[in-house]
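Please keep the sequence and the model in view while reading.

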Amino acid sequence: MSGNITFTIIKPDAVSKNYTEAIFEKIEKAGFEVLKRKDVCLTKELAENFYEIHKGQPFFAGLVEFMTSGPIVVAALKKGNAVEDFRATIGKTNPLEAAEGTIRKVYGEMVSRNAIHGSDSDENAQREIRFFFTPEEVEF
Ligand code: UDP
């Protein structure tokens with residue numbers, strides 16, 4: 001059975017356009033409880049570690065540059081079937097291909113500026129939460 005926790009990042013493009021609160025409203029309307037959130041600025045090293053699975057991809061350097069270009073907001077979210085349902089809520093990686101009404105469709109511009117991250121598995125949700133939050137911050 002799938003878990004009830006996932007993890008999200010409001011990316012620098014969305015934060016700089018002041019979309020953060022509208023996006024969290026949409027997340028809550030979709031049935032997710034925001035367990036914990038905080039503002040973060042990624043260093044190059046942290047961004048490289050977070051996206052290490054994509055090392056070697058042609059878009060990797062641009063992705064790291066983008067993710068370090070301004071503040072982000074990270075959050076742990078709770079809902080039944082969290083990972084799958086949240087991926088549906090945010091839509092496809094490329095906003096131009098995302099379904100109407102999804103967060104990436106509404107707030108994203110293009111694949112390299114797609115407004116929001118959502119974990120793609122329960123294991124990665126746990127890893128990503130541990131990456132950004134101390135154990136004391138996520139006692140839930
Ligand atoms: N990305 C990009 N160019 C691409 C593919 C991906 O800039 O051609 C970025 C994009 O921000 C995406 C992130 O890399 O969200 C991680 O890619 P992944 O394929 O894991 O997509 P996601 O799980 O975020 O939908």
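## Secondary structure

Helices (H or I, at least four residues) and strands (E, at least two) are DSSP runs, numbered from the N terminus. By this definition, the protein chain contains 7 helices and 4 strands.

The model is a predicted one, in which local features need pLDDT of at least 70 and side-chain atom pairs count only at pLDDT 80 or more, while totals for chains, interfaces and linings use all residues. Residues are numbered from 1 along each chain as its sequence is written.

## Confidence of the prediction

The term pLDDT denotes the predictor's confidence in each residue, from 0 to 100. Its mean over the protein chain is 97, and 99% of the residues reach 70 or more. For the complex, the predictor reports an ipTM of 0.98 and a pTM of 0.97.

## Overall form

The radius of gyration is taken over C-alpha atoms, and the globule rule is 2.2 Å times the number of residues to the power 0.38. For 140 residues, a compact globule would have a value near 14 Å, and the protein chain agrees because its own value is 14 Å. Along the principal axes, its C-alpha atoms fill a box of roughly 35 × 35 × 30 Å.

A residue is called buried if 20 or more other C-beta atoms lie within 10 Å of its own, exposed if 12 or fewer do, and partly exposed in between, with C-beta atoms placed from the backbone. Of the 140 residues in the protein chain, 33% are buried. Two residues are in contact if their C-beta atoms, placed from the backbone, lie within 7 Å. Among the contacts with a separation of 6 or more, 69% join residues 24 or more positions apart.

## Annotations from UniProt

UniProt positions are given in the numbering used here, feature names are shortened, and annotations may be inferred rather than shown by experiment. An unreviewed UniProt entry lists residues 3-140 as "domain: Nucleoside diphosphate kinase-like". Over this range the chain is 40% helix and 17% strand, and the C-alpha atoms at its ends are 14 Å apart.

The unreviewed entry also gives a "binding site" annotation that covers K11, F59, R87, T93, R104 and N114. Its "active site" annotation lists H117.

## The surroundings of the ligand

Which residues surround the ligand? A residue is counted as near a molecule if its C-beta atom, placed from the backbone, lies within 6 Å of it. The shell consists of F59, L63, T93, V111, S112, N114, H117 and D120.

For the classes, Ala, Val, Leu, Ile, Met, Phe, Trp, Tyr, Cys and Pro count as nonpolar, Asp, Glu, Lys and Arg as charged, and the others, Gly among them, as polar. The shell then has 3 nonpolar, 4 polar and 1 charged residues.

F59 lies in the loop between α3 (44-50) and α4 (60-67). It counts as exposed because it has 12 C-beta neighbours inside 10 Å.

N114 is placed in the loop between α6 and β4 (116-118) and is buried, with 25 C-beta neighbours inside 10 Å. Beyond four places in sequence, N114 is in contact with T93, P95, R104 and G108. H117 belongs to strand β4 and is buried, as 20 other C-beta atoms lie within 10 Å. Its contacts, not counting residues up to four places away, are T8, I9 and K11.

## Other residues in context

P95 occupies the loop between α5 (82-90) and α6 (103-107). Is P95 buried or exposed? P95 is buried, because 22 other C-beta atoms lie within 10 Å. Its contacts beyond four places in sequence are R104, K105, G108, E109, M110 and N114.

E33 is part of strand β2 (residues 33-40) and is partly exposed, with 14 C-beta neighbours inside 10 Å. Although E33 and K78 are 45 residues apart along the chain, their C-alpha atoms are separated by 5.0 Å.

## Two positive phi angles

Most residues other than glycine have a negative phi. N18, however, has a positive phi near 60°; this residue lies in the loop between α1 (12-16) and α2 (20-29). The phi of N81 is also positive, near 55°, and N81 lies in the loop between β3 (72-78) and α5.
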